[in-house]
Amino acid sequence: MAAAARDPLSAVGLDEADEAVRGTCEDASVCKRFAVSVGYWKDPYIQYFVRQAKERKAPEINRGYYARVHGVSYLIKAFLKKTECNCQIVNLGAGMDTLFWRLKDENLLPKKYFEVDFPMIVARKIHNIKSKPPLSKPIMESHSGDSLLIGGTLLSHSLPEVNMTDRFGQIMIENLQRRQCNLAGVEVCRSLDSQRERLLLNGWESARAIDMMKVYSFLPQADVKRIEGLEFLDEKELFEQLMQHYCICWASKDSSNLGNVLQHLRGLANITF
C-alpha cells in the first residue's frame, strides 16, 4: 500500500497488475494437479477445478508443492484438533484450493470456513461447485438443516517468500516483475526474523517461522523417500535454494498455547495427510 501511495497506478494499471496476480492461481493449480497425477499426494478434488498440465513440471517444483501442502495441512490439523474444531478458518487467496473437501473427508471441518479471492476466481470456483456433484454434495451435507447461499462472488490462505535480499531472492523478484506481478511487502521478506517481527508488530502474542527446507526435513521420511523415487532430481542444490526462500509462518493470541506446535513437528511421522 505504501508503494502504491508513492506511485499511484491508473485503473488500467491496477487491472493489469490484478490480472498478473490472478494468473498465479492457474499456475499453482496446474502444478498441484500435475504433482497429484504423478503420485506425490492424493487429492481426488483438484481434477474438478483445473485441467491437466500439457507439459511435465520440474521435479523441484513438484517436491516444493509436496512440502507446502503437507506442512500447511499439518499446522491446520494441529489447530483443529487442539480446538476440537470449535474454530473458524479464513482462507485468503484461496484460488482453487481443495482444503474444505479434504478436511470434510477426515471429519475435521471447523465450525465456519470462509474463502476469499478475486471475484473472477470465486465466480469460476462457484460455477465448478454447482456443476459438479462431487463438489456440491459435500457442501450440502455439511449444511443440512441450515440455509446455504452460493451465488454471486461469495461462498458463505500463499506462502511468504523469505531471504529475498540475496542474489537468488533478487532473481525471484525479477522473474515476478517480468510477469507484471510485483511482490507487495517484500521489505519484510528479508529473513525469518523479519517475518516473525511483522506478525508481532501487528498484535500477535507469539509468532514462528521456518523455511520450507526445514519443513521438508520434518516430513515423514518414509513418504519423502517414496516421492523422491518418483522422479530423478538432478539439481539438488537448486531445490535447496528454492526451499530456503519460502517459509511457513504462524502466530497466535491465546491462553492455551495454540501456537506452540513447532515442538510437535517431529511428530509428523504419525500424521496422515
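These legends describe close-up views of a predicted model.

View 1. Strand β1 covers residues 88-92, and strand β2 covers residues 112-116. The two strands pair in the parallel sense, over five bridges. L92 stands opposite V116 in β2. Together with helix α4 (residues 99-105), the strands β1 and β2 make a right-handed β-α-β unit.

**View 2. The two faces of strand β1.** In a regular strand the side chains alternate between the two faces of the sheet. Which side chains of β1 are buried? I89 and N91 are, and they point to one face. V90, L92 and V116 make a nonpolar surface patch of about 250 Å².

**View 3. S73 in helix α3.** Helix α3 spans residues 59-82, and S73 lies in it. Is S73 buried or exposed? Its relative accessible area is 9%, so S73 is buried. From S73 to L103 the separation in sequence is 30 residues, while their C-alpha atoms are 9.3 Å apart in space.

**View 4. Two loop residues with positive phi.** E84 lies in the loop between α3 and β1. The phi of E84 is near 55°, a positive value, and the residue is not a glycine. With a relative accessible area of 69%, E84 is exposed. N107 is found in the loop between α4 and β2. N107 also is not a glycine, and has a positive phi of about 55°. Its relative accessibility of 68% means that N107 counts as exposed.

View 5. K125 is in helix α5, which runs over residues 119-131. At 3% relative accessibility K125 falls under the 20% cut-off, so K125 counts as buried. What lies 2.7 Å from the backbone oxygen of D97? A polar atom of the K125 side chain does. The side chains of K125 and E115 are joined by a polar contact of 2.7 Å.

View 6. Side chains of opposite charge can pair when their charged atoms come close. The whole structure holds 13 salt bridges. In one of them, the side chains of K57 and E55 meet at 3.1 Å, N to O. K57 is buried, with a relative accessible area of 18%, whereas E55 is partly exposed at 45%. R102 forms a salt bridge with D97, and their closest N and O atoms are 3.5 Å apart. R102 is buried, with a relative accessible area of 18%. D97 also counts as buried, at 12% relative accessibility.

View 7. The side chains of E141 and K104 meet in a salt bridge of 3.2 Å, N to O. This pair links distant parts of the chain, with E141 in helix α6 (residues 133-142) and K104 in helix α4, 37 residues apart. E141 is partly exposed, with a relative accessible area of 41%, and K104 counts as partly exposed at 25% relative accessibility. In a further group, salt bridges that share partners join K32, D43, D97 and R102 into one network.

Notes:
Residues are numbered from 1 along each chain as its sequence is written. This is a predicted model: local features need pLDDT of at least 70, side-chain atom pairs count only at pLDDT 80 or more; totals for chains, interfaces and linings use all residues. Side-chain values use heavy atoms; hydrogens and water are left out. Helices (H or I, at least four residues) and strands (E, at least two) are DSSP runs, numbered from the N terminus. Buried means under 20% relative accessible area, exposed over 50%, partly exposed in between (1.4 Å probe, protein chains only). Two strands pair if DSSP finds at least two bridges between them. A crossover is right-handed if, with the strands pointing away from the viewer, the path from the first strand over the helix to the second runs clockwise. Patches are made of residues with over 30% relative accessible area and no salt bridge: like charges are joined within 9 Å, nonpolar side chains (Val, Leu, Ile, Met, Phe, Trp, Tyr) within 5 Å. Accessible areas come from the Shrake-Rupley method with a 1.4 Å probe; for residues, only the protein chains shown count as cover. A salt bridge is a side-chain nitrogen of Lys or Arg within 4 Å of a carboxyl oxygen of Asp or Glu. A polar contact is a pair of N or O atoms within 3.5 Å; within protein, one must be able to donate a hydrogen and the other to accept it, and residues adjacent in sequence count only if both atoms are side-chain atoms.
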